[in-house]
Amino acid sequence: MPLTRVTSGGIAEGVTIRFGAGTVSTPSITFQNDTDTGIYKGAAQGSFSFVANGATKLTIDSTGVQLPVPVDITTLKVTDGSVTIPSITFQSDQNTGLYRSTADTFHLVSGATSNVTIKPNNVDFEDGVDVNVKDNLYVTKAAEFNETIT
């Protein structure tokens, strides 16, 4: 006889489990000894949030993943990305940001064009990129300049 409900044997195929909406302080999916940590349905249609100790830590909705501000992240790991799709971008400007091309090298990108390459021993500005110095430019090691500094 096929399962038609949730039992100790599992959940039958086709069975729908629905949870109450919950709130940030009383999420609908919690843990036995930590009832203010879990998942609840957000206010917006199609959104849900993860909470810890009664505080929202992450929300997922139709626009993507949102973290509360300020965010205290010790380590953030992202994909390498590319010049046309940087791994760290802006919501309203998806082809501007940062990406990693090779070990120990990352690029600052705007308009899907790498403008600045940062490596362990140098910073390269691509041709045609203007560098504007507000007050003073200090060079601490021997340097070669192809243009006149005025």
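Reader: What's the bridge partner of G97 in strand 10?

Author: V109 is the partner of G97 there. Before we go on, this is a predicted model: local features need pLDDT of at least 70 and side-chain atom pairs count only at pLDDT 80 or more, while totals for chains, interfaces and linings use all residues. Residues are numbered from 1 along each chain as its sequence is written, and side-chain values use heavy atoms, with hydrogens and water left out.

Reader: Ok. How many bridges do strands 9 and 10 share?

Author: Five, with strand 9 and strand 10 (residues 105-110) pairing in the antiparallel sense. Two strands count as paired if DSSP finds at least two bridges between them. The strands are DSSP runs of E with at least two residues, numbered from the N terminus.

Reader: And what's in the turn of that hairpin?

Author: Two residues sit between strand 9 and strand 10, and D104 has a positive phi near 60°.

Reader: Switching topic: what's the strand order in the five-stranded sheet?

Author: The order is 3-4-5-6-7, in an open sheet with antiparallel pairing. From one strand to the next the twist averages 15°, where axes are lines fitted to C-alpha atoms and angles run from 0 to 180 degrees between N-to-C directions.

Reader: What does strand 5 pair with?

Author: Strand 6 (residues 55-61) pairs with strand 5 (residues 48-52) over five antiparallel bridges. Strand 4 (residues 34-41) also runs antiparallel to strand 5, with four bridges. F48 is involved on both sides: I60 is its bridge partner in strand 6, and K41 stands opposite F48 too.

Reader: And the turns there, which residues have a positive phi?

Author: G46, at about 75°, lies in the turn of the strand 4 and strand 5 hairpin, which has six residues between the strands. In the hairpin of strand 5 and strand 6, with two residues between the strands, N53 has a positive phi near 50°.

Reader: Which side chains on strand 5 are buried?

Author: S49 and V51, which point to one face. Buried means under 20% relative accessible area, exposed means over 50%, and partly exposed is in between (1.4 Å probe, protein chains only).

Reader: Let's do the second largest pocket. How much space does it have?

Author: About 540 Å³. A pocket here is an open set of points on a 1 Å grid over the protein atoms alone, where a 1.4 Å probe fits, with protein on both sides within 12 Å along at least five of seven lines. Its volume is the space filled by probe spheres set on the points, which are joined across faces, edges and corners.

Reader: What lines the second largest pocket?

Author: There are 17 lining residues (an atom within 4 Å of a point), with V65, L67, S87, I88 and T89 nearest the centre. Strand 7 and strand 8 (88-90) each supply at least two residues of the lining.

Reader: How does the lining split by class?

Author: 10 nonpolar, seven polar and no charged residues. Ala, Val, Leu, Ile, Met, Phe, Trp, Tyr, Cys and Pro count as nonpolar, Asp, Glu, Lys and Arg as charged, and the others, Gly among them, as polar.

Reader: How accessible are K119 and D124?

Author: K119 is partly exposed at 36%, and D124 is partly exposed at 27%.
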